[in-house]
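Student: Could we go through this model together, setting each value against the definition behind it?

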Amino acid sequence: MNIANRPSKKDFFHDVFVGVIIALVSIPISMGYATVAGLPVVYGLYGSLLPILIFGLVSSSPRFVFGVDAAPAAIVGGMIAEWGIISESVAAIRIIPVITFFVAMWLGIFFLIRADRIINFISEPVMGGFISGISTTIILMQFPKLFGGTATHGEALGLLLHIVKQAEAYNLPSAVLGVATIVILLLARKLCPKIPMQPILMFLGAGIFWLFGEKLRGLGIATLPDVTKGLPRFILPEFTLVLQHPRELIFDTAGIAIVILSETLLATENLSRKHKEKIIPRREAAAYALGNLSAALTGTCPINGSISRSGIADQLGVKSQITSVTASLTMALILLLGTGFISYLPVPVLTGIVIAALIGTLEFRLAHKLKHVDRAEFFIFYAAFFTVLIFGTIYGVVVGVILAIVTFILRVSKPASDFLGIVPGIKGYYSLTRRNTQALPLKGVVIYRFSAPLFYANIEQFCSDIRKECEITSRLEPIRLVVVDSSAISSVDSTASERLLSLYIELLEKGIKLILAGHVATVNDQLREFGARILIEEKAVRPRIIYALRDAGFTPPYTEEDTEILLSKQADTKEQNEYSRYTEQIAEIEWAYGEERDQAFAALVTKMPQSEQNELEQELYFEELAMLNPEMAKQVAEIISEMEENSKN
């Protein structure tokens with residue numbers, strides 16, 4: 001347990017209480033996921049005992065919860081289904097610990113080679129689409145059990161066909177019970193999130209069947225089978241079974257390990273950032289490996305970080321891994337003394353609890369946000385999602401990661417770039433776009449910003465942008481200098497160095513000096529090594545843009561004489577300061593808010609105190625704004641008028 005996060009006495013007893021709640025919540029969820037993996041329900045309880053205890057003692061995260069969870073369970077269930085092994089059969093009970101053992105071995109290898117850094121290469125859209133695909137697949141698997149049918153494994157199309165075929169076996173009382181469970185849990189999550197409704201509904205369902213079991217079973221509502229009480233026995237996985245499925249057990253289990261490592265680490269880091277806590281990723285990888293090894297030795301399926309149970313623990317204000325230790329000990333007491341009630345638990349209630357938990361893991365809100373922010377990542381999300389649904393879980397991870405890498409390459413090959421100018425009287429360089437209406441180009445100078453390392457895939461865009469801008473600008477006035485803001489250029493390769501040198505010579509023949517300014521010093525080393533030493537020798541590289549402009553005769557603060565557009569003269573120093581102040585304010589708001597700038601201007605004015613002095617200041621503000629941008633002043637006035645009208649109403 002992380003000593004740095006050792007709780008106070010008050011927090012200790014609070015975390016013990018939360019641990020009991022987590023154990024009770026884990027009963028229906030773990031049993032449900034055990035059946036998804038193809039094991040009898042009791043193995044879900046076994047998976048909530050020793051693996052959770054080990055995780056709680058080793059993990060550096062004070063809040064995260066480990067357990068039998070959706071993604072690994074679904075992958076394992078799919079694997080044994082492909083091998084023709086019947087769910088919950090003796091064959092399934094024999095082979096699944098072998099799968100878990102290989103997963104633990106892979107996690108151990110990942111720990112040794114520091115593969116916890118893999119999370120840097122798995123984007124949120126990839127993981128979001130993958131988890132949503134897994135959750136949707138399991139919902140489709142479990143859906144028939146809500147209505148009294150039987151679950152199955154496979155991909156989305158086969159699952160949908162199975163749901164249709166099961167229609168004749170559907171039972172109305174089971175459907176009412178299962179759907180009601182889901183509705184109650186979803187409503188409780190919104191209305192009273194701190195109340196643990198899962199164990200409440202579980203005990204309520206078991207209590208009703210204890211009282212009225214005969215009548216309810218007569219209505220066709222099924223309950224779970226009897227569970228033998230007692231702690232799990234240690235077993236040695238049957239490694240001779242590897243000969244039956246060598247490739248899958250050796251290589252496909254690596255995919256399960258990657259899923260466990262990436263999903264759990266990402267979720268753990270998100271939770272730690274929320275509470276401004278630091279975790280040790282490599283120590284987390286060790287906890288995952290040891291937890292899964294203990295799962296293999298007790299016969300259960302691979303164990304994963306539980307986002308749903310971690311969310312419940314966080315809502316209840318957990319402070320330390322005392323919660324996980326308590327949950328493990330509570331599960332031991334349940335296995336020793338309290339398994340009798342499990343045979344009274346209605347299957348539709350258990351299924352409803354699992355489906356409600358899965359609905360909570362769906363990431364479609366992320367997809368909706370990506371649709372409006374980044375269409376490429378929106379596409380990646382649904383590519384991973386539909387790949388999981390159509391082809392299976394492992395393919396979903398592979399396709400998602402490939403797409404993320406391809407997107408990264410495309411972004412680096414076509415990075416953001418723009419041309420810069422100055423705002424008279426203000427330090428800095430501003431993009432010459434509609435977003436910055438105050439920015440003006442310097443006479444005879446092109447300032448170009450390129451936001452990526454220069455290499456073979458993007459050097460052509462770099463050169464093309466500069467050539468086109470020089471051609472367009474030279475129609476209005478002679479160009480004598482091109483300055484590249486290279487602060488985001490962290491490296492150059494041999495191809496980029498060669499093309500850069502060619503562009504330098506080409507522009508020089510036209511009387512235009514090309515200068516790279518602001519990059520890290522190692523770029524100069526690379527230019528020399530790749531044969532572009534002349535750029536250094538002829539001072540075509542400078543540490544700052546201001547030095548390149550100074551050599552061309554431009555020194556800050558830049559004035560209207562430095563630009564093509566002449567601005568009205570100010571009467572005295574005081575008025576010049578007022579002008580600069582308003583110009584700087586307008587430029588900063590445009591830079592920060594973009595298309596929302598009008599609302600930002602309006603909010604700025606309406607926040608001013610309504611004294612006579614400030615009314616005069618508002619009036620002056622509008623005069624300046626009207627002079628600089630009449631259209632914007634008109635829009636701001638309309639927005640303010642609308643805001644005032646709304647406040648009156």
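Tutor: I208 lies in helix α9 (residues 197-218), where a helix is a DSSP run of H or I of at least four residues and a strand a run of E of at least two, numbered from the N terminus. The model is predicted, so local features need pLDDT of at least 70 and side-chain atom pairs 80 or more, while totals for chains, interfaces and linings use all residues. Residues are numbered from 1 along each chain as its sequence is written, and side-chain values use heavy atoms, leaving out hydrogens and water.

Student: Why is I208 called partly exposed?

Tutor: Its relative accessibility is 39%, and buried means under 20%, exposed over 50%, and partly exposed in between (1.4 Å probe, protein chains only); I208 therefore counts as partly exposed.

Student: What makes β7 largely enclosed by the rest of the structure?

Tutor: Of the 5 residues of β7, 4 are buried, so the strand is largely enclosed.

Student: How do you know that β6 and β7 pair?

Tutor: Two strands pair if DSSP finds at least two bridges between them; strand β6 (residues 481-485) and strand β7 (residues 513-517) have 5 bridges, in the parallel sense. Within this pairing, L481 has K513 of β7 as its bridge partner, and V483 stands opposite I515 in β7.

Student: Which strands are the edge strands of the sheet?

Tutor: The open sheet has 6 strands in the order β4-β3-β5-β6-β7-β8, with mixed pairing; β4 (430-431) and β8 (541-542) are its edge strands, because each pairs on one side only.
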